[in-house]
Amino acid sequence: MGRILAALLLFFLAVVPAAAQTVPRTVLALYDGREEPKIKQSRIHSMVEMPLNHLGLTVAYWDVANGLPDPGAYPDLRGVVTWFASEPFEDPAAYVAWLGTLTERGVRVAVLGQYGVRAARGGKAMPMALVNRFLRVFGLFDDEGYSDLTYRSRPVVQDSALVGFERRLDGVLPGYPRLRLVDGRFTSHLVMRRADDPATDSHLIVTGPSGGLVTEGYARFFDPESLRKRWIIDPFAFFRLAFATDDLPKPDVTTLSGRRLYFSHIDGDGWRNVTEVKPYADQSRLAAEVVLKEAIEAHPDLPVTVAPIVGDLDAAWKGTPQALAVAKRLFALPQVEPASHTWTHPFFWGFFKDYDPAREEEFRDRAPARKGGFLARFRKGGTDDHYENVGEVAESAPGADIGRYAVPRAFLQTPFDLRQEIGGSLEYFSRLAPEGKTARLIQWPGDTTPFEAAVVETRRAGARNMNGGDTRYDPEYPSLTSVSPIGVPVGAERQIYSATSNENTYTDLWSSRFFGFQNLVHTVRGTETPVRLKPFNIYYHMYSGQKLASVNALKKNLAFAEAAELAPVTATAYAAIADGFYTARLVAEGPGRWRVMDRGDLATLRFDRAVFRGVDFARSVGVIGQRHHQGSLYVALDPAVAEPVVALADIDRADTDPAASRPYLVHGRWALAGLSVDGGGFTVRAQGFGPGAMAWRVPGPSRWTVSAERDGRALWQGAAEAGTDGRLTVTVAAGAETPLTLRFVREGR
């Protein structure tokens, strides 16, 4: 009997794989809310989270002013990151003990700036024994020396792959403590020496098996004259080592069907402004009409999501027949997706968190003063008191905390109603749109800082949300510290950021340099090379149709997009992909094999440092294709498969598409789903904008008949030929704004 049980056990172990393990992706960011009251303005969010997102990691925030968090609340905890500017803990010893418990469990720690353990909050110094217990996590020991004057100091070890990323170590260097390396498992990336005396060596940047540390003053440089920040360290390299992300497949929001993802969205501000652009000005056309003709109808292959403000269209508010007619014309275009910029355009969302109608009443008849410059201006003229939103604000009214805004929202006719702002506005624009189109995206207006209940309301309405972030990377903003993460937590909810900034930051808040938005191309290039960090996003307001210079700038950006190799989608589709980044779970199912769960609409998995790695299709499920780019492997997942499995294998060469026994997508302009392969060919569903250019890898030289059909009706048919490299390139000349089916049949089978 015992032998039978043993045999059964051996059989069971042979056929059942080892227990699958979720790959941890969460990094817990500890910050001090007394020092950084807003997560959006914290060092970690504004500088660290974007590199962590690129490495496939999500960030959860905890305010240490509320004590220490329960690690059990983060079941997929990979690491902890801190960047304190002062000492935040009442009891540093408790923090060191808490951190020690985590590192014993294999949780990694990355520390930039102050440790948080040299003194208790309030100034009481801690024993050096406690400080060194903390530093032991990073293989360091503090000898209690400190170099105040650094003119005689120089680096004797300076890892060029990690130090000097955007700012070289030159000029007057910050003072530093004497940190001795006492654990050979750690790597020193920066070692400073004073007066050529090896006994003074101090290890200021280290990484190792439990994380990494960067001494205060050596992570980034701040220029007080330009108010610009620059990285001293390469944050991608540092956090890659600190959190050991090489084994982590990266959920990717920048790429679809093997191509860089593209989307465009317009906020409705300035919809009713009369344009200055001839010949439209001679006909008293609106800025929205100019955008319709010059930017949207002129580019039918580029989708755009248009979000008006109800108050600009509805006759019960400030709407006119002309403004309403433009919205209907726009929504009728096949490349236009309707969305909402809310009902009354709140400027300062914090004003409405605990809304008091009586408090708002004082603004109703008060004309704003003409000071400052940002987003709210009202023009009085006859009976038409219309909202321009073109770049001015006033100091707030006495006793009213609305930041720099003249009024809390653009339209004040009735008391604020959150459900009307969100769900009501979405329903309004859905009614304006043709049958089959629905507004499913809220594009946050004003300061783009919604409170939690506002984001909850988008979920209740079945919608996504987006805006904020203001990513720029160009000669004016020459640092990746100006490139935002994917989104930001808002209580238990999440706000998705736009991928790039709109024209306001290029035009001094719409007050000058109206040509400035043409410089978006620098950010688009900079976030693509040498590493793809962001999708291509053209985001602007309707008032870009008011000035000739701004119209020309917009047209240059659109022409740049037309010439690029892209996969265009709607803004709502991007927001859904971004939401999927945060929910996705990766379950390791053995060496080089992962199951992807809870990914929502996320459709790409990226593997870095994967030049000689490719998809093992025999061990994979739900994979449409693969493509190598910039040393990374981008894997296209099939949206029709709820839990795809991606397995990798070694390949011999990286200069051609890896061979495979079945066809797979290399890249394409359309989004694809439901790939089905049989002996004579394959079929796949497609949806997208513009001609369906795509490239497939098929087994060997061959001729193919390609057809497109919808609901059993033939739309297009053509032929294509794969050469000796197996690359089958075809452009399907059929409209795919409504999904269609592609059929590939190999001739002579």
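How many bridges join strand β30 to β33, and in which sense do they run? Strand β30 (residues 613–615) is joined to β33 by three bridges, and the two run antiparallel; within this pairing, R613 stands opposite D650 in β33. The structure is a predicted model, in which local features need pLDDT of at least 70, side-chain atom pairs count only at pLDDT 80 or more, and totals for chains, interfaces and linings use all residues. Residues are numbered from 1 along each chain as its sequence is written, and side-chain values use heavy atoms, without hydrogens or water. Helices (H or I, at least four residues) and strands (E, at least two) are DSSP runs numbered from the N terminus, and two strands pair if DSSP finds at least two bridges between them.

Strand β33 (residues 645–650) also pairs with β28 (residues 593–597), antiparallel and over three bridges. Here W594 stands opposite V646.

An open sheet of eight strands has the order β3-β2-β4-β5-β11-β10-β9-β7, with mixed pairing. Its edge strands, β3 (58–63) and β7 (153–158), each pair on one side only. Within the sheet, β9 (residues 187–194) and β10 (residues 197–208) run antiparallel and are joined by six bridges; T187 stands opposite T207 in β10.

In α4 (residues 128–135), the buried residues include L130, V131 and F134.

Methods: Buried < 20%, exposed > 50% of the residue type's maximum accessible area, 1.4 Å probe, protein only.
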